[in-house]
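Here are some notes on the model you sent over.

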Amino acid sequence: MIELCYVEDNPDIADTVKQYLAQKGFRVTVCATLAQARQTLQANVPTLVLLDWNMPDGRGDRLCQWIRSRWKELPVIFLTVRGDSADIVSGFKSGADDYVVKPFELEVLYSRILALLRRTRDTAGQYLSCGGIVIDRSRMTVSCQGEEIGLSILEYQLLLYLIQNKGRTVTREKILEQVWDMNGNYVNDNTLTVTMKRLRDKLSQPACLKTVRSVGYRMEDTI
């Protein structure tokens, strides 16, 4: 399912867009303030961001710049009443991929979203996230609550495998098979325990990384 973050403080517009896109198979999270949007994006990086310009706690172009400083390929569409050429140019300069002016037709917005996703389909899976932990697969980097964390190769591969299976319990045996055996390393069960402890310590004991006693581990969003 395509996840979309919609930054919009007008509840009527937000609800209309959310319901329409939900019918098209999108999972839409609405944020009524820029602060809420930042918190939401740090917890879970979506497939695409819809962004209004005039927000109660600031300007949408500032949020767009903030997004670009962290996730350079994350698709962003401005959806705003500000339709002057200077505003549109400023929106693109701040990092937007597209610009839709209100009022708009829902069918047109949907078509613009699909067109953008076609152009960015190779980067749609670049960012994986859970509970404030974000993996940038192209750069092979990990950040936690916006701060980049240095991991060893095995710690990175372990975290990547768990996030790829977010919401599912994976057994210790399956982890050892996928992370270690596929690299040609024979290890015992204690190696996973030690690596997991180091990973949790580096990530400041994240609540989203859970132990399923006598079975394995599961990552799940906590907000």
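Predicted model: local features only at pLDDT ≥ 70, side-chain atom pairs only at ≥ 80, totals over all residues.

A salt bridge here is a side-chain nitrogen of Lys or Arg within 4 Å of a carboxyl oxygen of Asp or Glu. Residues are numbered from 1 along each chain as its sequence is written, and side-chain values use heavy atoms, with hydrogens and water left out.

1. By that cut-off, the structure holds 15 salt bridges. Glu8, Asp52 and Lys102 are joined in a network of them.

2. Look at Arg139: it bridges to Glu148, with the closest N and O atoms 3.8 Å apart, and to Asp136, also with closest N and O atoms 3.8 Å apart. Arg139 is exposed at 51% relative accessibility, and Asp136 is buried at 6% (buried is under 20% relative accessible area, exposed over 50%, partly exposed in between; 1.4 Å probe, protein chains only). Glu148 is exposed.

3. Asp98 and Arg112 pair at 2.8 Å, N to O. Asp98 sits in strand 7 and Arg112 in helix 5, 14 residues apart (DSSP runs numbered from the N terminus: helices are H or I, at least four residues; strands are E, at least two). Asp98 is buried at 10%, whereas Arg112 is partly exposed at 30%.

4. Helix 6 (residues 153-164) and helix 8 (residues 189-202) pack at about 85°, axes 10 Å apart. That makes the two helices roughly perpendicular (65 to 115 degrees).

Technical notes:
Axes fitted to C-alpha atoms, helices over the stretch in contact; angles between N-to-C directions. Parallel < 35°, antiparallel > 145°, perpendicular 65-115°, else oblique.
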